[in-house]
Amino acid sequence: MTVSSGSPGWYLRRLSRMGPREVGGRMGDTVRRRRWRSAPPDCPGVTGARFTAVLPAGTIAAVPPDAAKRLVAGADRLMAGHAEYFGVDRDDLADPDWFHDPKTGRRAPSGYAFDVPYRDEEAVGDIKQIWELSRHQHLTVLAAAYAVTGDERYAERAAGHLRSWWAANAPLRGVHWTSGIELGIRLLSWVWVRRLLDGWPGAADLFEGNPVALNQIWHHQRWLAAFPSRGSSANNHVIAETAGQFAAACAFGWFPSSARWRADALRSLERQLRANTFGSGLNRELASEYHGLVLELGLAAVAEADAADVPVPASVRLVLLRMTDALAAVVDNRLRPPRQGDADDGHGLVVDGAGTDRWGSLLATGDAVFGRLAWWPAVTGTDVRTPLLAALIRPYAKGGTAPAVSRPASRPAHFADAGMTVLRGPEKIWCRCDGGPHGFLSIAAHAHADALSVEVRHDGVDVLADPGTFCYHGQPEWRRYFRSTLGHNTIELDGEDQSVSGGPFLWTRHARSRVLVADASDGGTARWCAEHDGYRPSVHRRRVELTAASQELRVVDEVRGPRRAVRLAFHLGPAVAADLVDSRAALTWSVDGEDRSAVLDLPGQLSWRAHRGESDPPLGWYSAGFGRKEPAITLVGTGFTDGTEDFTTVLGFHG
């Protein structure tokens, strides 16, 4: 059962996942929120403020022409008032209402920030839709367009939006003052807007010469210093909070508290980057998009440190290096990472137009900052962000305190601490096997009940797909489906998930997995085997073999324990058609105009049906991005296990 966040039952379950220190910290937060209800203090007086964290001369000239062209096209679309957020097209961005949700038509209430019930879609609207525009990443796009073209229309529109937002969002009033991640990312955007508008005559009067701007910047940093994400919530949110706080304290270091904020944020950033990252370099939330978000935020923070000549602990750069190498290791031949865990299309810094490959951009930045290894995949695309960051960040070997680091001599395939194994075969076959922990921290907020699931691609096309995320708040039946066991390529017993949910971002019991075999040797047969205890007293064990010569993937499922009802699901990507006859499915799709095919032989002990685009209950869907879903075929086999037989599935690709 999924309990809605905000209900009494949810609060009890949430409390049960906290330790004493976190409970004490949250009690202090509650007292502080009550005390802050009175009129907020005035920003200390600032005189002689100057913005010095500018881009080095020649940086903009290094932006590739095709990347600049995409950027300007995106900026022109914004100038026309158009943008798309989470599957909803907006045409009101010439002069936006910062509290309007275009999906539901609702408008978030005003009032004291901590009284706004932002999790309640009936009262507020879809909070993701409302928050996203106020991250001001569309303004970094407009500012970047000004920087590459010199066209003051872009600068004037960005300035107009900032003035509008500041006027509508007084400190501690309304929904945009309720969540630290939003304040942190917004501060980072403001730093880059100011930097990219530096050649515009009105830039100084918009920021350091503007008392309203100074008041907003100060109150954002005061808020972040007072209300950090704590304990079981110290995931990607705390990275965004500290990165934004640190960036602002470096670039906008005009206040009496700036030095303290900068030092505290850097200490927290260093500690939390290490805490959020496995030694192998993968993000501990085991959600690929959050790996990307944290890496972007970390790189942006180091850029501000180097621009301001603030020393950064060597461990910060080391974590970012390992994260970059890990990303290079796990992507498929089209540079797509696993579709593991939650994904909400969140970015740390946006200065590129549509069509820019996020993952190629991160690897290009990694090459510029850390240097690529011989086994890294080639990056053929271009982007705006890489030359901007590379102009500010000192190359790793010149970082001053960079220690000698041993980097992988060949492409890693097994990440033991994260429980992730990537098997690769001929003809660009890519298979991710999941035998890792159930998410991060006691609530595992962004985990899915996907233990032992597999994800298979052929030349970048999802064949056996992870269906994705689709939504967070407001649609509990869809949130429940997309993170359920049935919503992944694994076995479900007795109609229950492997892990127990206590709310949309809360798991109260976690399945424990362990990898028994991980042999991803090239050229022969790669093998993986793991098991989990989520269905105690039963144990689910899965063996996977990828044979290069036959281009065949064999999956063998064992369920040891008492007799139980079984459902085995295989989710096909939206590009894949299937003709199911008994327990054999003929699969077809195309890549770059070429027809491809495979045969999926399913366990004959089960009764198989194909499902597509069903809503009551949800089944047969694929979410390519947050807020978007499309029908896709899901093959589900039903039956029983007596605890002794195996279920064998064979996926054979045709040459």
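Visitor: In which loop is proline 617 found?
Guide: This is a predicted model, where local features need pLDDT of at least 70 and side-chain atom pairs count only at pLDDT 80 or more, while totals for chains, interfaces and linings use all residues. Residues are numbered from 1 along each chain as its sequence is written, and side-chain values use heavy atoms, with hydrogens and water left out. Helices (H or I, at least four residues) and strands (E, at least two) are DSSP runs numbered from the N terminus. With those names in hand, you can find proline 617 in the loop between β20 (614-615) and β21 (618-619).

Visitor: What is omega for the peptide bond from aspartate 616 to proline 617?
Guide: That bond, from aspartate 616 to proline 617, is cis. Its omega is near 0°.

Visitor: Which residue is joined to proline 537 by a cis peptide bond?
Guide: Look in the loop between β12 (525-532) and β13 (539-547), where proline 537 is found. Omega is about 10° in the cis bond that joins proline 537 to arginine 536.

Visitor: Is phenylalanine 86 buried or exposed?
Guide: Phenylalanine 86 sits in the loop between β1 (83-85) and β2 (88-90), and has a positive phi of about 55° although it is not a glycine. Under 20% relative accessible area means buried, over 50% exposed and in between partly exposed (1.4 Å probe, protein chains only). Because its relative accessible area is 7%, phenylalanine 86 is buried.

Visitor: What is the relative accessible area of leucine 286?
Guide: Leucine 286 is in the loop between α12 (258-275) and α13 (288-307). Its phi is positive, near 50°, in a residue other than glycine. Leucine 286 counts as buried because its relative accessible area is 7%.

Visitor: Which residue has a side chain joined to that of glutamate 122 by a polar contact?
Guide: Glutamate 122 lies in helix α4 (residues 121-124), and it counts as exposed because its relative accessibility is 60%. A polar contact is a pair of N or O atoms within 3.5 Å; within protein, one must be able to donate a hydrogen and the other to accept it, and residues adjacent in sequence count only if both atoms are side-chain atoms. At 3.2 Å, the side chain in polar contact with that of glutamate 122 belongs to arginine 106.

Visitor: Why is the pair of tyrosine 112 and phenylalanine 114 called what it is?
Guide: Rings of Phe, Tyr and Trp (its six-membered ring) pair if their centres lie within 6.5 Å; planes under 30 degrees apart count as stacked, over 60 as edge-to-face and the rest as tilted. The structure holds 25 aromatic pairs. In this one, the ring centres of tyrosine 112 and phenylalanine 114 are 5.5 Å apart and the planes are at 75°, so the pair is edge-to-face.

Visitor: What is the volume of the largest cavity?
Guide: On a 1 Å grid over the protein atoms alone, a cavity is a set of points where a 1.4 Å probe fits but cannot get out, and lining residues have an atom within 4 Å of a point. Grid points are joined across faces, edges and corners, and a volume is the space filled by probe spheres set on the points. The structure holds six cavities of 30 Å³ or more. The largest cavity is lined by 13 residues, and its volume is about 110 Å³.

Note on methods:
On a 1 Å grid over the protein atoms alone, a cavity is a set of points where a 1.4 Å probe fits but cannot get out, and a pocket is an open set with protein on both sides within 12 Å along at least five of seven lines; lining residues have an atom within 4 Å of a point.
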